[in-house]
Amino acid sequence: MRASLIQIAVEEGESVESRRRRVASLVRDQNGADLVVLPELWTTGAFAFEEFDAEAEPLRGPTYEAMAKAASDAGVWLHAGSIPERAPDGTLYNTSLVFSPTGDLAASYRKIHRFGFDKGEAVLMGAGRELVTVPLPGTTVGVATCYDLRFPELFRSLVDAGAETLVIPAGWPERRRAHWTLLAQARAVENQAFVLACGTAGTHAGVPQAGHSIVVDPWGEVLAEAGADEEILTVDFDPGKVATTREQFPALKDRVLGLKAPDRS
Ligand SMILES: NC(=O)CCC(=O)C(=O)O
């Protein structure tokens, strides 16, 4: 299976409309890939909180239209990263879109863990509540977004739902780059799954982005890692390695569930 992670530079000098056209063209160029992955909130930038409201779109808005067409032009599965979605009731969500090679929407995922504590995304956007897996030929993809990477129980639930390849669009800052690579490897090792994590490059809203998109195999080996700038990271991997790793080192079967601390009251 060939995956291309498009690590887009999100800079303030470029309009959303021209970035959308540019990204559609980059996706169309990936017609030899099976799966193409884009980062989180690449239209606005994940830290451009002030832009979320003005740039929010309905699920089937301009980014949906452009990405559906790009996926079908290239004939690829496309995880189109996420958009600031405005739901019919007016609530904003950080929503990922996954398209099939015919340009049909295969899945959408509203980010569950919102970043910002008492500001930014955490107060401006609603939280998703649903796990999302997508069956692709040869592997089942589990979907999560950026800050979700810090919550291992989400990934374990995705694995319980059948996920073998974990795809994580992000807008991760340079300041916490060490966490990004460490957590991507941890999620791969503990879940014996591929991790494809695609971040942004550039600086927006004064926050330099980490880049360093990364692909990790179920044994925790880094198959490919991008640098800091805009880059297309292409990797060939064998999805069958998930089954062989889980058979040869069956740690997932040794889970002990339902543990409780003794009641000392
Ligand atoms: N957009 C995000 O979710 C940022 C997450 C982040 O910066 C972190 O977890 O650290």
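Two strands are taken to pair if DSSP finds at least two bridges between them. Helices (H or I, at least four residues) and strands (E, at least two) are DSSP runs, numbered from the N terminus. With these terms in hand, an open sheet of six strands can be described in the order β6-β7-β8-β9-β12-β13, with mixed pairing. Its edge strands, β6 (133-136) and β13 (222-225), each pair on one side only.

Two strands are taken to pair if DSSP finds at least two bridges between them. Helices (H or I, at least four residues) and strands (E, at least two) are DSSP runs, numbered from the N terminus.

The structure is a predicted model, in which local features need pLDDT of at least 70, side-chain atom pairs count only at pLDDT 80 or more, and totals for chains, interfaces and linings use all residues. Residues are numbered from 1 along each chain as its sequence is written. The mean pLDDT (the predictor's confidence in each residue, from 0 to 100) is 98, and 100% of the residues reach 70 or more. The model scores ipTM 0.99 and pTM 0.98.

Overall, the protein has seven helices and 14 strands. Its radius of gyration is 18 Å, close to the 18 Å that the globule rule gives for 265 residues, so the protein is as compact as a globular protein of that length. The radius is taken over C-alpha atoms, and the rule is 2.2 Å times the number of residues to the power 0.38. The C-alpha trace spans about 55 × 50 × 35 Å along its principal axes. Of the 265 residues, 46% count as buried; that is, 20 or more other C-beta atoms lie within 10 Å of their own, against 12 or fewer for exposed residues and values in between for partly exposed ones, with C-beta atoms placed from the backbone.

Strand β7 (residues 139-143) pairs with β8 in the parallel sense over three bridges, and Gly142 has Leu166 as its bridge partner in β8. From β7 the chain crosses through helix α5 (residues 152-160) to β8, in a right-handed β-α-β crossover. Right-handed means that, with the strands pointing away from the viewer, the path from the first strand over the helix to the second runs clockwise. A right-handed β-α-β unit is also made by β8, helix α6 (residues 177-191) and β9. Five bridges pair β8 with strand β9 (residues 194-198) in the parallel sense, with Leu166 opposite Val195. Strand β12 (residues 214-216) runs antiparallel to β13, joined by three bridges, and Val216 has Val222 as its partner in β13.

Another open sheet has six strands in the order β5-β4-β3-β2-β1-β14, again with mixed pairing. The edge strands β5 (105-110) and β14 (231-236) each pair on one side only. Here neighbouring strands are turned by 25° on average, direction ignored. Strand β2 (residues 35-37) and strand β3 (residues 77-86) run parallel, joined by three bridges, and Val36 has Leu78 as its bridge partner.

Key
Axes fitted to C-alpha atoms, helices over the stretch in contact; angles between N-to-C directions.
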